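Here are some notes to read beside the model. Keep the structure open and find each residue as you go.

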Amino acid sequence: MRIITVEEHFQHPEVVARVEQLAGPPPVPPEALTGFLQAFSLDPDATGRLGGNRLAHMDRVGIDIQVVSHGNGSPSDLDHPDAVGLCRRVNDDLAAQIAENPHRFRGFATLPLVDPVAAGDELRRCVDELGFVGALISGSYRGLFLDDERFDPILTAAEAVDLPIYVHPGIPPGPVLAQYYAGTWPPAAQLMFAGPAFGWHAEAGLHIVRLILSGALDRHPRLKLLSGHWGELAAFYLERFDETLSLVPTGLERAPGDYYRQQVWITPSGMYNHNQLRFMTAELGADRILHSEDFPYLVREDVAEFLQQSGLSQTDIDAIAHRNAEALLRI
């Protein structure tokens, strides 16, 4: 069975170090960040390059192609003019590494949200010159989401190249983190609660819903979006959205759930739960799901077995394993 996974990451060490210098101290106590990072044991070889231990893992678990994007420490949401050059450096490095194993890797562009016009230009360059298959955005930028009109050049560029934007989670802004996720629990638990335990999934789901409610998908009816972690909670509420929002004026041309089913694709991001897979297949259809592992933050040995043991038809398994990615990303 051919397998393509689409939420897989690397980190450019020099760019990450520069981002840390320019971004200043994180909005969490140092002990929280230390405890949080200690929970993840990342292999430096697999994290920093597309080869070596990463390829060995792919061969072992049956992954034919990874679609790779920059992970933690990305310059995408850096509030500094240098973000433009740093994103370009990340993209050029990723393209060079892909060229060493062109049959095993594809890339998502890293875009500088500080300058939406430059970000749109960079997406076009990455697709036209580097052969990338879309872009990935992590979290919000200074509390703003892609529905803000300042980011319209990015949505326009994504629509023009006819490739998706992967709306990836990011740590919520400091005020939100303090108000919603602080409590009597230890600082490291606060950051985990605000991040992969719950918070960043809620925020990433809100990101998609905001794009729908703002009318951005009416302005960009051919825009394609990817949402990880089974649709970041929002995909489980489509019926509720339609039922409740129909009671008030929205100004939308379609029901909220229709936008989701027509312009959003989802991935598991390594959350290999058969109940969630079956629900999402019934709710959205197998043709709206792409496979993913979330490497190197999650390293799964059952990438193939998860689909093979799902109880889905072979047609649906093949769609999720590779056919949907081939069609959506033109692989």
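Which residues point one way from β5, and which the other way? Point 2 gives the answer.

1. **Ground rules.** This is a predicted model, in which local features need pLDDT of at least 70, side-chain atom pairs count only at pLDDT 80 or more, and totals for chains, interfaces and linings use all residues. Residues are numbered from 1 along each chain as its sequence is written, and side-chain values use heavy atoms, with hydrogens and water left out. Helices (H or I, at least four residues) and strands (E, at least two) are DSSP runs, numbered from the N terminus.

2. Ala 135 and Ile 137 point one way from β5. Leu 136 and Ser 138 point the other way. All are buried. Buried means under 20% relative accessible area, exposed means over 50%, and partly exposed is in between (1.4 Å probe, protein chains only). In a regular strand, side chains alternate between the two faces of the sheet.

3. **Ser 138.** Strand β5 covers residues 135-138, and Ser 138 belongs to it. Why is Ser 138 called buried? Because its relative accessible area is 16%, and the cut-off for buried is under 20%. Leaving aside neighbours within four places in sequence, Ser 138 is in contact with Asp 77, His 168, Pro 169 and Gly 170. Contact means heavy atoms within 4.5 Å.

4. **The sheet around β5.** An open sheet is formed by 5 strands in the order β4-β5-β6-β7-β8, with parallel pairing. Two strands pair if DSSP finds at least two bridges between them. The edge strands are β4 and β8 (264-266), and each pairs on one side only. Strand β4 (residues 109-110) is joined to β5 by 2 bridges. Thr 110 has Leu 136 as its bridge partner in β5. On to β6 (residues 165-168): 4 bridges join this strand to β5. Here Ile 137 has Val 167 as its partner. Further along, β7 (residues 225-227) and β8 share 3 bridges, and Leu 226 stands opposite Trp 265.

5. β4, helix α6 (residues 116-128) and β5 make a right-handed β-α-β unit. From β5 the chain crosses through helix α7 (residues 152-161) to β6, and this crossover is right-handed too. Right-handed has a set meaning: with the strands pointing away from the viewer, the path from the first strand over the helix to the second runs clockwise.

6. **Strand β2.** Is β2 enclosed or open? It is largely enclosed by the rest of the structure, because 6 of its 6 residues are buried. Ile 65, Val 67 and Ser 69 are on one side, and Gln 66, Val 68 and His 70 on the other. Strand β1 (residues 4-10) runs parallel to β2, with 5 bridges between them. Ile 4 stands opposite Ile 65. β2 also pairs with β3, in the parallel sense, over 3 bridges. There, Val 68 stands opposite Gly 107. With α5 between them, β2 and β3 make a right-handed β-α-β unit.

7. **Helix α1.** In α1 (residues 13-23), Val 15, Val 16 and Val 19 are buried. They sit on the same side of α1 because they cover an arc of only 100° around the axis. That arc is taken from the directions from the helix axis to the C-beta atoms. The buried residues of α1 pack against β2 (65-70) and α5. The face turned away from them carries the exposed residues Pro 13, Glu 20 and Gln 21.

8. **Arg 104.** Look in the loop between α5 (83-100) and β3 (105-107) for Arg 104. Its side chain reaches the backbone oxygen of Ile 63 at 2.8 Å. Not counting residues up to four places away in sequence, Arg 104 touches several residues, including Leu 55, Met 58 and Asp 59.

9. **Nonpolar core.** The largest nonpolar core has 70 residues. Such a core is a set of buried Ala, Val, Leu, Ile, Met, Phe, Trp, Tyr and Cys residues joined through side-chain atoms within 4.5 Å. Leu 123, Ile 165, Leu 225 and Tyr 260 touch the most other members. α5 gives the most to this core, with 6 residues.

How values were computed
Polar contact = N/O pair within 3.5 Å; in protein donor to acceptor, adjacent residues only side chain to side chain.
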